[in-house]
Amino acid sequence: MIQLSEMAAEKIRVLIDEQALAKEGGLRIYASSGCCSNNSYGMALEEKQHPEDNVFESRGIRVMVDPSSFAQLEGASVEYYKDENTEGFKIEKTQTHNHCECGGGNNC
């Protein structure tokens, strides 16, 4: 499962309210993969889930993840940061693996 920090969940609730997102909607989190060690992650608000999505709640936020992204994002967390110059979300992978999950072997 993917965990949202309390600060991230609060900010996402504000964004959901501002967009008047439908009850069937929520936060989509996805992985754009290269190799396992070179993934980039993203997120967006969406109106509804896809039939194949993994759907769960974290801190009251409905989270949707497609199956291939879910395998790469399992154990990740979403944090919200703000300092004097920037603010935004950061998706961090909290669990590490000793082997490559994509089958790339030593090329990863």
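Let me begin with strand 2, residues 26–32: five of its seven residues are buried, so this strand is largely enclosed by the rest of the structure. Buried here means under 20% relative accessible area, as against over 50% for exposed and partly exposed in between, with a 1.4 Å probe and protein chains only. Strands are DSSP runs of E with at least two residues, numbered from the N terminus.

Please bear in mind that this is a predicted model, in which local features need pLDDT of at least 70 and side-chain atom pairs count only at pLDDT 80 or more, while totals for chains, interfaces and linings use all residues. Residues are numbered from 1 along each chain as its sequence is written, and side-chain values use heavy atoms, with hydrogens and water left out.

Which strands does strand 2 pair with? Two strands are said to pair if DSSP finds at least two bridges between them. Strand 3, residues 40–46, pairs with strand 2 in the antiparallel sense over seven bridges. Strand 5, residues 61–65, runs parallel to strand 2, and two bridges join them. Leu-27 illustrates both pairings: Leu-45 in strand 3 stands opposite this residue, and so does Val-63 in strand 5. Arg-28, in turn, stands opposite Met-64 in strand 5.

In general, the strands of a sheet pair through backbone hydrogen bonds, either parallel or antiparallel.

Four strands make up an open sheet of mixed pairing, in the order 3-2-5-4. Its edges are strand 3 and strand 4 (54–58), each of which pairs on one side only. On average, neighbouring strands of this sheet are turned by 30° against each other, direction ignored; the axes are lines fitted to C-alpha atoms, and angles run from 0 to 180 degrees between N-to-C directions.

Strand 5 deserves a separate word. Four of its five residues are buried, and the strand is mostly covered. With strand 4, strand 5 pairs in the antiparallel sense over five bridges, and Met-64 in strand 5 is the bridge partner of Val-55. The hairpin of these two strands has two residues between them, and in this hairpin Arg-59 takes a positive phi near 55°.

Finally, I come to strand 6, residues 76–82, where Ser-77 lies. Is Ser-77 buried or exposed? Ser-77 is buried, at a relative accessible area of 8%. Its side chain makes a polar contact with the side chain of Glu-79, at 3.4 Å. Such a contact is a pair of N or O atoms within 3.5 Å; within protein, one must be able to donate a hydrogen and the other to accept it, and residues adjacent in sequence count only if both atoms are side-chain atoms.
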